[in-house]
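Student: Could you walk me through this structure? I have not looked at it before.
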Amino acid sequence: MAPKHHPTPLSGGDRKALTKELGKARAMTGILAAQSSEMRAKGAALIQQADKLLCESWNERMWSDCEPIDPSPTIDQAINGGFPWLEIQCSRCKTPNDVDLAALKHPPTTFVHDLASRLRCRKCAKAGRRPSATLLQLGWQPRHPRRGEV
Ligand SMILES: [Zn+2]
């Protein structure tokens, strides 16, 4: 795109004023863009805090009463909030397990509580059963590393 053409004013004073205004506008471009990205970073940090609090709130509820599991954070809220692991237990054989939320094929907008009926215990599946998972806690690291049964 060709640079925008500003008609040159006839008087010298006006020409000077125009040059000054153009310089100001060009300087403002950078200042406003910098302010915008600063605000955006602050906003992202606030969203991250909100996601973290949402996960902590859900964890407290699960720890104290185990219900209701709905409402819960979404997968991307949990990951963004620093809780990328979901600790679960098979409702039938009680095998504990950790689910890496980032590795799931479910859309990131899926609510964590919706995973209860979608995560299957491999051990029970071999026995022809499909019990749902009991959701325990969201975690920042796996609680039972190297189990990988569900
Ligand atoms: Zn099981």
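The conversation below goes through the model topic by topic.

Student: What is the average pLDDT of the protein?
Tutor: This is a predicted model. Its pLDDT averages 93 over the protein, and 96% of the residues score at least 70.

Student: Where is confidence lowest, and where is it highest?
Tutor: Confidence is lowest in helix α3, residues 122-126, with a mean of 91. The highest value belongs to α2, at 98.

Student: On to the sheet, then. What is the order of the strands?
Tutor: The three strands form an open sheet in the order β2-β1-β3, and their pairing is antiparallel. The twist from one strand to the next averages 30°.

Student: Which strands stand at the edges?
Tutor: Those are β2 and β3. Each has a single partner strand, so one side of each is left without a neighbour in the sheet.

Student: How many bridges are there between β1 and β2?
Tutor: The antiparallel pairing of β1 and β2 runs over five bridges. As one example, Q89 has P96 in β2 as its bridge partner.

Student: Next topic: the largest nonpolar core. Which residues touch the most other members?
Tutor: This core has 19 residues, and A78, L86, V112 and L138 touch the most other members. Two or more residues come from each of α1, α2, β1 and β3.

Student: Which residues is L138 in contact with, leaving aside its neighbours within four places in sequence?
Tutor: The contacts of L138 are C55, W58, N59, A78, F83, W85, L86 and V112. Among them, A78, L86 and V112 are also named with L138 as touching the most other members of the core.

Student: Which residues have a positive phi, then?
Tutor: C66 has a phi near 65°, and phi of K94 is also near 65°. Neither residue is glycine. C66 is found in the loop between α1 and α2, whereas K94 is in the loop between β1 (85-90) and β2 (96-100).

Student: Is C66 buried or exposed, and what about K94?
Tutor: C66 counts as exposed because it has 11 C-beta neighbours inside 10 Å. K94 is exposed as well, with 9 other C-beta atoms within 10 Å.

Methods: Residues numbered from 1 in each chain as written. Predicted model: local features only at pLDDT ≥ 70, side-chain atom pairs only at ≥ 80, totals over all residues. Helix = DSSP H or I, 4+ residues; strand = E, 2+ residues; numbered from the N terminus. Buried ≥ 20, exposed ≤ 12 C-beta atoms within 10 Å, placed from the backbone. pLDDT = per-residue confidence, 0-100. Core = buried A, V, L, I, M, F, W, Y, C linked by C-beta atoms within 7 Å. Contact = placed C-beta atoms within 7 Å. Pairing = 2+ DSSP bridges. Axes fitted to C-alpha atoms, helices over the stretch in contact; angles between N-to-C directions.
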